[in-house]
Amino acid sequence: LTDLATSMQGLGQSLFQPPNVKGWDGGTAWLNSATLMERHNLAWRLVSGQDTAFRQAVNVKQAVRRYDKPADQVAFLLELALQGDVSKQAREKLLGFALHAQGGGTVEKLDDARLREVVHTILLMPEYQLA
């Protein structure tokens, strides 16, 4: 829990210490170049499966186990993170990213590493940052 609290301080939100009784301002009020980079790093720490500071790594493959097709997996992850509130163009770009194999070409099935990259990308989308 202390690692999470420390990470939140880097984002400008000290746990249990809001600036006033209303809490933190929403929207872009606490987004700046420093906190955006911290968000990027925290998102990767949470989904990479390499950082054990938060006890247990997020198991993305387990979360999408019911879906065989990459398009269905991406749709599920978008629904989970953004309740589907994303444009058709953004969905298509994300699916294109998911299907683009390293070194070129396309893949038919998303492996664990690619699924983690997809979740990380979703967490960095403007729609998620401002949700």
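Reader: How do helix 2 and helix 6 run relative to each other, roughly parallel or roughly antiparallel?
Author: This is a predicted model. In this model the axes of helix 2, residues 33-47, and helix 6 cross at roughly 150°. Angles over 145 degrees count as roughly antiparallel. The two helices, helix 2 and helix 6, are therefore roughly antiparallel.

Reader: Within what distance do the axes of helix 2 and helix 6 come?
Author: Two packed helices are described by an angle and a distance between their axes. For helix 2 and helix 6, the crossing is right-handed. Their axes come within 9 Å.

Reader: Which residues of helix 6 meet helix 2?
Author: Helix 6 covers residues 112-124. Helix 2 brings R39, H40, A43, W44 and V47 to the contact. On the side of helix 6, the partners are R116, E117, V119, H120, L123 and L124.

Reader: Is H120 buried or exposed?
Author: H120 lies in helix 6. Its relative accessible area is 9%. The cut-off for a buried residue is under 20%. H120 is therefore buried.

Reader: At roughly what angle do the axes of helix 4 and helix 6 cross?
Author: Helix 4 spans residues 70-82. It passes helix 6 in a right-handed crossing. The axes of helix 4 and helix 6 come within 10 Å, and the crossing angle is roughly 35°.

Reader: Which residues of helix 6 make the contact with helix 4?
Author: The axes of helix 4 and helix 6 come within 10 Å. From helix 4, the contact uses Q73, V74, L77, L78, A81 and L82. From helix 6, it uses L115, V118, V119 and I122.

Reader: Is L78 buried or exposed?
Author: L78 sits in helix 4. Leaving out residues up to four places away in sequence, L78 touches Q83, G84, V86, R91, L94, I122 and M125. Its relative accessible area is 1%, so L78 is buried.

Reader: How far apart in space are L78 and K93, C-alpha to C-alpha?
Author: In sequence, L78 and K93 are 15 residues apart. In space, their C-alpha atoms are separated by 12 Å.

Reader: Is Q83 buried or exposed?
Author: Q83 is in the loop between helix 4 and helix 5, which covers 88-99. Its phi is near 50°, a positive value in a residue other than glycine. The cut-off for exposed is over 50%. At 58% relative accessibility, Q83 is therefore exposed.

Reader: Over the ring of which residue does the charged end of R114 sit?
Author: The charged end of R114 is 4.4 Å from the centre of the ring in question. That ring belongs to F97.

Reader: How many helices are there in the protein?
Author: Along the sequence, the pattern reads α-α-α-α-α-α-α. There are zero strands. The number of helices is seven.

Reader: What share of the contacts with a separation of 6 or more joins residues 24 or more positions apart?
Author: The protein has 131 residues, and 28% of them count as buried. Its C-alpha atoms fill a box of roughly 50 × 30 × 30 Å along the principal axes. Among contacts with a separation of 6 or more, residues 24 or more positions apart account for 58%.

Notes:
Residues numbered from 1 in each chain as written. Predicted model: local features only at pLDDT ≥ 70, side-chain atom pairs only at ≥ 80, totals over all residues. Heavy atoms only, no water. Helix = DSSP H or I, 4+ residues; strand = E, 2+ residues; numbered from the N terminus. Buried < 20%, exposed > 50% of the residue type's maximum accessible area, 1.4 Å probe, protein only. Lys NZ or Arg CZ within 6 Å of the ring centre and 35° of its normal. Axes fitted to C-alpha atoms, helices over the stretch in contact; angles between N-to-C directions. Parallel < 35°, antiparallel > 145°, perpendicular 65-115°, else oblique. Left-handed = near helix turned anticlockwise from the far one by under 90°. Contact = heavy atoms within 4.5 Å.
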